[in-house]
Each structure stands twice: as C-alpha cells, then as structure tokens.
Amino acid sequence: MFALADGNSMYASCERVFRPDLIGKPIVVLSNNDGCVVAASAEAKALGIKMFGPFFEIADQCRQHDVAVFSSNYALYGDMSRRMMRVLSEFAAEQEIYSIDECFLDMTGMPDLDSHGHRMRQAVLQRVGIPTCVGMGPSKTMAKLANRIAKKQARWAGVFEWDFVTPAEADMMMAQIEVGDVWGIGRRLSEQLQAMNIHSALDLKQVDSRRIKRQFSVVVERTVQELNGISCLALEDVTPSKQQIISSRSFSQKVKDLNTLTASISHHAARAAEKLRAQGSTARLVAVSINTSPFSDVAQYRGYIVVPLVQASDDTIEITRAALAGLRAIYRRGYLYHKGGIMLLEISPRTIVQTDLFAAPPDPRRRQLMGTLDAINREFGRGTVRLAAEALTPRWQMRQDARSPRYTTRLDELLVVM
C-alpha cells in the first residue's frame, strides 16, 4: 500500500504561511524573470488564470481582482519543502521524495489508513503551515489518482484511499479521469491512446496490457498493470543519479558584453558542479550555450560547444575553467544575448574514474577545498563563498521584482513582529 502526500498549491501556500492576510485571497507566483505564471492558488484559478501563460497577458486581470503576485522565491520554497518532507517521513518506514511538493510513503501493514492520513495532514499543517492532500492505493499510479480525487472532491476531506469505495464506484471515478491525467501518460501518448478509443483512466485499465506493450512500450504496459492494482514500481530509497546536469537561465535584460556572460556562465558552472558532488558523480564533458531571443527582430545567433575535461571531475574550478574556455570560443560581438547556460555530460560515479596516464593526478587538497566550499554554503547560504568570476557584474541575474523575503534561510530577512 502506497500513499502520495502532496502540498496544495505549494508555492502559493509557502507565501501564505508568512502572510496570513492572504488567506482566502488569490495568489500567483511567476517564473524566472517574472515571465510566466508557474503557480496559482485555488482562488486565482477560479478567476480563470491559467498556468504557464505569460504574465503580461493577465497583469490587468490581476490588478482588477487584487491578486497577490510574487516572484519565485526558491530559497523559501526549497526550505519549506525540506521541513514538510521531514514531518511526513515520521509517518512511514520508507519515503521517496518525488518532487518539491510530493512524496511517496510505504503504508504497507498500517492500520486505519484514514485516521493515519488525517494525522499526517494535521502534523504538516501544524508544524510547517502547508495544507496537503493524501491519496492511497495498492500501486504508485493508483496512489497518484487517489491524491487527485482527495484534492478535487471535498467530501473526502483531503484523504482518499481506494478501499473507501466499492469496485464499481472506483470504476465510475476512474471513468471521469482523462487518460492524459494518468501518471506517466504525456500529451503525445495521450493523443495516440485517444486515437485507439482510450479516453479515460478506466479505458486504459481495461485494455489488454499485451496489446499496449506491442504498440507502445513495457513502461505503458506497467501503467496498465498498476491501474489494475499490480504494483510494478517500488519505492526508490535513493534517487537515481542524473545522467546530465543542466544549469541555465534567461537574463533580466539583454546582454552583449563578455564580462556579463562570464559571470553568468561561471555561476551556472558552480551550481552544476555542486549538484554533481551532491550525487557523488563526476563529469567528462562540459557543454556551453549562449543564444539571442528567437522572438526578437534583431540579428540572431546561437552558440554551442562541448569542452572535454582532461580527467572526469566534480571540481568547480576545473569545470568553470573549461566552461569559460568554451564561452570564449563561441562568443561573438555585436549580438544581444538572451540566455546562457551549461550542461554536464558523460556523468559517472566518482568511484569509477579512469585516470589519464599522461596527466598529473588530481590534487587531493582540491577535494578538501570543494568539501569545505559546500559545507560553508550549506551553513550560511548558497553563494556565501564563490569564485571571483561570478561577481564580475550582477547584470546577468534574473529579475525578481516581487520576491518575498527568504524568511527561513536569511537572518537579515527574518519576519519581524512589532
């Protein structure tokens, strides 16, 4: 038996924790550079505000209905997520964190699932301030659907488990869920299934799984089996290591000078190297890209290059050095650049590193240096210690005109009660 616990309108709820005056009021949260809507509270959605649409298209509507608008505050959301996951981990022997606002929990053998689910919700609300919903089922896919029902249907008070209803009632519920809303069924796959007259979760549940395997893949076949209560996806105690790591961002204003691009690429290289060390891996290739805006009527340019490292590394200095060499190779004067970033490729475990016979071995002191760098930045906040190249200019940083204070991670931004 699996449970999926999910924070309701996570980003908006995080803002509400420290702004109780916003309870019951519409809230939207914007993407990098305040471009698009990435989160909306239930009240905002009721006004017809759509997710992922450009903000400028709804700016007048937000002013008309007094919608609270926030820039993304990733430091706050990440820390609140960590606190929520810590509380939820106390209610199960095993936990798999699936995203910033979702985790799977192993409920096998747990008595009185209904009461247990409500205790989970109450604990998170009381100790973190985030409202949640809990769905439970015999497979992870069914738990996902149960969570959807718990969130959409108020009669379940935020907790739903498939044993709460009869098999006939369960089928009726699944018939009302579009096939595209089933976990793992994307838009393109949904269109292909609908062409086969498979329109709902119930239709997919009732189809011959062998036919699905022949026509699609074993992954979709497993989804069919999971909809029939056959668990094919176990909890993952450790999140699989990423096979590529990307760090990129659009600029708040168009950039033309090399110094600004250098600061941006250096920042992304440091961020990617930090992620690489966190998963215990090294990379062999560093890809660098810079490009102008495709929506601009000025001259267009897209630069991309892959720079190999002499030896696979997780060292911020080595990765940054390679990234900046790539940047100098692809940079062209006279263009207004819109975005820059890097990608780490050929990633492998740190314990499996093939050294170069003709190159000097890595300095062990650098490993200690990187460990110290990560420890300081974890303790005092990301970017406390960084390479000088990142600080050449702040012009590359994203626009966050409406960011709320980082209440939980910055001493100088603590909430003050007068």
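This is a predicted model: local features need pLDDT of at least 70, side-chain atom pairs count only at pLDDT 80 or more; totals for chains, interfaces and linings use all residues.
User: Why is Asp6 called buried?

Analyst: Buried means under 20% relative accessible area. Asp6 has 4% relative accessibility, so Asp6 counts as buried. Asp6 lies in strand S1.

User: What makes contact with Asp6, leaving out residues up to four places away in sequence?

Analyst: Contact means heavy atoms within 4.5 Å. On that basis Asp6 touches Asp101, Glu102, Pro131, Thr132, Cys133, Asn147 and Lys151.

User: How do you know that the length of H5 agrees with its number of residues?

Analyst: The expected span is 1.5 Å times one less than the number of residues. H5 has 15 residues and should therefore span 21 Å; its end C-alpha atoms are 21 Å apart, which agrees.

User: Which residues of H5 are buried, and why are they said to be on the same side of H5?

Analyst: The buried residues of H5 are Leu113, His116, Gly117, Met120, Ala123 and Val124. Around the axis they cover an arc of only 125°, so they are on the same side of H5. An α-helix has 3.6 residues a turn, so residues three or four places apart point the same way.

User: What covers the buried residues of H5?

Analyst: The cover includes helix H4 and the strands S1 (2-7), S6 (102-106), S7 (132-137) and S8 (159-161). Just after H5 comes Gly129, with a positive phi of about 95°.

User: How is the packing of H4 with H5 described?

Analyst: Two packed helices are described by the angle between their axes and the distance between the axes. For H4 (residues 74-89) and H5 (residues 113-127), the axes come within 10 Å and cross at roughly 145°. The crossing is right-handed. Met84, Val87 and Leu88 of H4 make the contact with Met120, Ala123, Val124 and Arg127 of H5.

User: What kinds of residues make up the contact of H4 with H5?

Analyst: Six are nonpolar, none is polar and one is charged. Arg counts as charged, and Arg127 of H5 is among the contact residues.

Key. Residues are numbered from 1 along each chain as its sequence is written. Side-chain values use heavy atoms; hydrogens and water are left out. Axes are lines fitted to C-alpha atoms, for helices over the stretch in contact, and angles run from 0 to 180 degrees between N-to-C directions. Helices (H or I, at least four residues) and strands (E, at least two) are DSSP runs, numbered from the N terminus. A crossing is left-handed if the near helix is turned anticlockwise from the far one by less than a right angle, and right-handed if clockwise. Buried means under 20% relative accessible area, exposed over 50%, partly exposed in between (1.4 Å probe, protein chains only). The arc is that of the directions from the helix axis to the C-beta atoms.
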